[in-house]
Amino acid sequence: MKSHTLLMPLDMHLHLRDGVMLETVAPLTSYSFSGAVVMPNLVPPVTTKEDVIAYKKRINAALGRVEEADDVLMVDDFFEPYMTLFYQHYDREFLEDVVDDIAAVKLYPAGITTNSEGGVDSFDLETMRPTLEAMSDLNIPLCVHGESDGFVMDREAEFMSVYEMLASNFPKLKVIMEHITTKEAAAMLDRYPNLYATITVHHLLITLDDVAGGMLQPHLFCKPIAKRPKDRAALLDLALNAHPKVMFGSDSAPHPQHAKEACGCAAGVFTAPIALQLLCELFDANDKLDNLQNFVSDNAQSIYGICPEFKEVVLVESPFEVPEHYGSVVPMYAGETIAWSISNVE
Ligand code: DOR
Ligand code: ZN
């Protein structure tokens, strides 16, 4: 049986939510990943040092860990939640105080996606300059949800001018184009040395046809929405060849079934428990398994300058039947069989 071993997989863009949902989904990622960059779009969003520390504590508690006086006790597996702050116009003093508790700051254009109402409503350079200069000096990466408020299929391409403005005015600031979905974003990557990108597994597999070409598929609906075959081809070229400025970020975004199968479907595809299996299947089918380690871990380690705890994940080419539900959440490919499964984690 064909097998493939991954060391310290990292998910560089993950939604863990809070409360019961956090308890359901956090162990599904911590099982097979060494760490994940945790998105701050809670209600209300994560905007203070106290918010960051308290949320990290709740994540650790959801993983069955007990914290005492800043030390995490009872660690049953190795998993690091890399925390983020929701972008606001923060001052330098605040950022200096919080820098050791966060991996990045996540910027959302106001109202563009789930829980982003408090995001940025105008990309005015001078308004943003103090925050971005301080982030640049403190080496805090800026993760960006890059969509305009234009026509849905053009939103990401229209946002490229903002990426250019950010990358050129703050050449030492690491700007990460999150969950890219277009050939325009793929092409932008090499134009600025300080631009990076994450790519999800679902955007490597589906196009808009899979979402809305037949019967509407709410569990494949997300923002940014999947685009055209030529866009997917550009993403595949980056991921399968493990472009050094590209990292895996699942953007696994759980919503309860009733919020997805509804009039007014919430945006988000839940892939956390099947992401590595799908990636193995995809890279194997393209004869690129040797590049998967860079895509799911090594590139991210270099870009973020992180050194995760050791974890070895063995995958095998053996069918895995995707459960219909994880708690209240329906995963991508629910009830279907995928070709690879996880056989061992150490
Ligand atoms: O589809 C999405 N879901 N895109 C986002 O940007 C946010 C996410 C969520 O939080 O549900
Ligand atoms: Zn996201």
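Author: Let us begin with Leu138, which touches Leu95, Glu96 and Val99, leaving aside residues up to four places away in sequence. Contact here means heavy atoms within 4.5 Å. This is a predicted model, in which local features need pLDDT of at least 70 and side-chain atom pairs count only at pLDDT 80 or more, while totals for chains, interfaces and linings use all residues. Residues are numbered from 1 along each chain as its sequence is written, chains are lettered from A and ligands numbered from 1 in the order in which they are written, and side-chain values use heavy atoms, with hydrogens and water left out.

Reader: Why does Leu138 count as partly exposed?

Author: The relative accessibility of Leu138 is 22%. Buried means under 20% relative accessible area, exposed means over 50%, and partly exposed lies in between (1.4 Å probe, protein chains only). Leu138 is therefore partly exposed. Leu138 sits in the loop between α4 and β8 (142–144), where helices (H or I, at least four residues) and strands (E, at least two) are DSSP runs numbered from the N terminus.

Reader: What makes α4 oblique to α6?

Author: Helix α4 (residues 125–137) and helix α6 (residues 160–169) pack at about 50°, with axes 12 Å apart. Axes are lines fitted to C-alpha atoms, for helices over the stretch in contact, and angles run from 0 to 180 degrees between N-to-C directions. Angles under 35 degrees count as roughly parallel, over 145 as roughly antiparallel, 65 to 115 as roughly perpendicular and the rest as oblique. The pair of α4 and α6 is therefore oblique. Leu125, Met128, Arg129 and Leu132 of α4 meet Met165, Leu166 and Asn169 of α6. By class, this contact of α4 with α6 has five nonpolar, one polar and one charged residues; Ala, Val, Leu, Ile, Met, Phe, Trp, Tyr, Cys and Pro count as nonpolar, Asp, Glu, Lys and Arg as charged, and the others, Gly among them, as polar.

Reader: Why is α1 called roughly perpendicular to α2?

Author: The angle between α1 and helix α2 (residues 49–62) is about 70°, and their axes are 8 Å apart. That angle makes α1 roughly perpendicular to α2. Leu22, Glu23, Ala26 and Pro27 of α1 are in contact with Tyr55, Arg58, Ile59 and Ala62 of α2. Six nonpolar, no polar and two charged residues make up the contact of α1 with α2.

Reader: Why are α12 and α13 called oblique to each other?

Author: The axes of helix α12 (residues 275–285) and helix α13 (residues 292–304) come within 9 Å and cross at roughly 140°. The two helices are therefore oblique to each other. On α12 the contact uses Leu276, Leu279, Cys280 and Phe283, and on α13 it uses Leu292, Phe295 and Val296. This contact of α12 with α13 has seven nonpolar, no polar and no charged residues.

Reader: Why is α12 said to be largely enclosed by the rest of the structure?

Author: Nine of the 11 residues of α12 are buried, so the helix is largely enclosed. Among the buried residues are Ala275, Gln277 and Asp284.

Reader: Which residues coordinate the zinc ion (ligand 2)?

Author: The zinc ion (ligand 2) is coordinated by His13 (NE2), His15 (NE2) and Asp251 (OD), at 2.0 to 2.1 Å. Donors are N, O and S atoms within 2.8 Å of the metal (3.2 Å for Na, K and Ca), and water is not among the atoms, so sites may look incomplete. His15 lies in the loop between β2 (10–14) and α1 (19–30), and Asp251 in the loop between β11 (246–248) and α11 (257–260), so the pair ties together parts that are 236 residues apart in sequence. Both His15 and Asp251 are buried.
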